[in-house]
Amino acid sequence: MKRLIRAKNEREKQMSKATIFKKSDFRYEEMSGLPVHNTTIARLVTPEFSETLGGGIVVFEKCSYKWTVTYDEILYILDGQLRVIVAGENFDCDTGDAIWLARDTPLIYEADGKAVCFYAIYPGDGVRWDLIGLPPLPPKA
């Protein structure tokens, strides 16, 4: 029990501070659980930093795959081009564009070249809060 309280206190201390993420410290890993190649992610804002928000950098490179977002997400295209297909509609995103994706949206991500994006998600762990004992998300309108 003491270990859990200590971990919670450390987490609260971390969440109360400002944190800089240096590009040289980003750790990119392959997207886990996906039959996808050439898509890597650097998870920066994780549950260790925030109980509500997640964020990081994702790199799509010469790929096309189906996905359903289980969280609200905004993607900002830092470099390159990314096509997001929702219900048969193409959203062609270029450097400097941003796209909002509501939770439970089935979509296809496509990159003919390389697209580097910043993402922010809610809830931050990408899991429905009501499934892990936290307050449920409000119902979709």
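This is a predicted model: local features need pLDDT of at least 70, side-chain atom pairs count only at pLDDT 80 or more; totals for chains, interfaces and linings use all residues.
Reader: Is Leu78 buried, partly exposed or exposed?

Author: Leu78 is placed in strand E4, which covers residues 72-80. Buried means under 20% relative accessible area and exposed means over 50%. Because its relative accessible area is 38%, Leu78 is partly exposed.

Reader: Which element gives the most residues to the largest nonpolar core?

Author: The largest nonpolar core has 22 residues, and Phe60, Leu75, Leu82, Leu101, Tyr109 and Cys117 touch the most other members. Two or more residues each come from strand E3 (54-69), E4, E5, E7 and E8. With seven residues, the element that gives the most to this core is E8.

Reader: Leaving aside neighbours within four places in sequence, which residues are in contact with Leu75?

Author: Leu75 is one of the residues that touch the most other members of the largest nonpolar core. Neighbours within four places in sequence are left aside here. On that basis, Leu75 is in contact with Val58, Leu82, Asp97, Ala98, Ile99, Leu101, Tyr109, Cys117, Phe118 and Tyr119.

Reader: How many residues are in the other core, which lies apart from this one?

Author: Among the members of this other core are Ala42, Leu44, Val59 and Val116. The number of residues in the other core is six.

Reader: Is Thr105 buried or exposed?

Author: Thr105 belongs to strand E8, residues 105-122. Not counting residues up to four places away in sequence, Thr105 touches Trp67, Thr68, Val69 and Val86. Its relative accessibility is 15%, and therefore Thr105 counts as buried.

Reader: What is the phi of Asp104?

Author: Asp104 is found in the loop between strand E7 (98-101) and E8. At 31% relative accessibility, Asp104 counts as partly exposed. Most residues other than glycine have a negative phi. Asp104 has a positive value, near 70°.

Reader: Where does Ala87 lie, and what is its phi?

Author: The loop between strand E5 (82-86) and strand E6 (89-93) holds Ala87. Because its relative accessibility is 81%, Ala87 counts as exposed. Its phi is positive in a residue other than glycine, with a value near 50°.

Reader: Which peptide bond is cis, and what is its omega?

Author: Most peptide bonds are trans. Pro123 is in the segment after E8. The cis peptide bond joins Tyr122 and Pro123, and its omega is about 0°.

Note on methods
Residues are numbered from 1 along each chain as its sequence is written. Side-chain values use heavy atoms; hydrogens and water are left out. Helices (H or I, at least four residues) and strands (E, at least two) are DSSP runs, numbered from the N terminus. Buried means under 20% relative accessible area, exposed over 50%, partly exposed in between (1.4 Å probe, protein chains only). Contact means heavy atoms within 4.5 Å. A nonpolar core is a set of buried Ala, Val, Leu, Ile, Met, Phe, Trp, Tyr and Cys residues joined through side-chain atoms within 4.5 Å.
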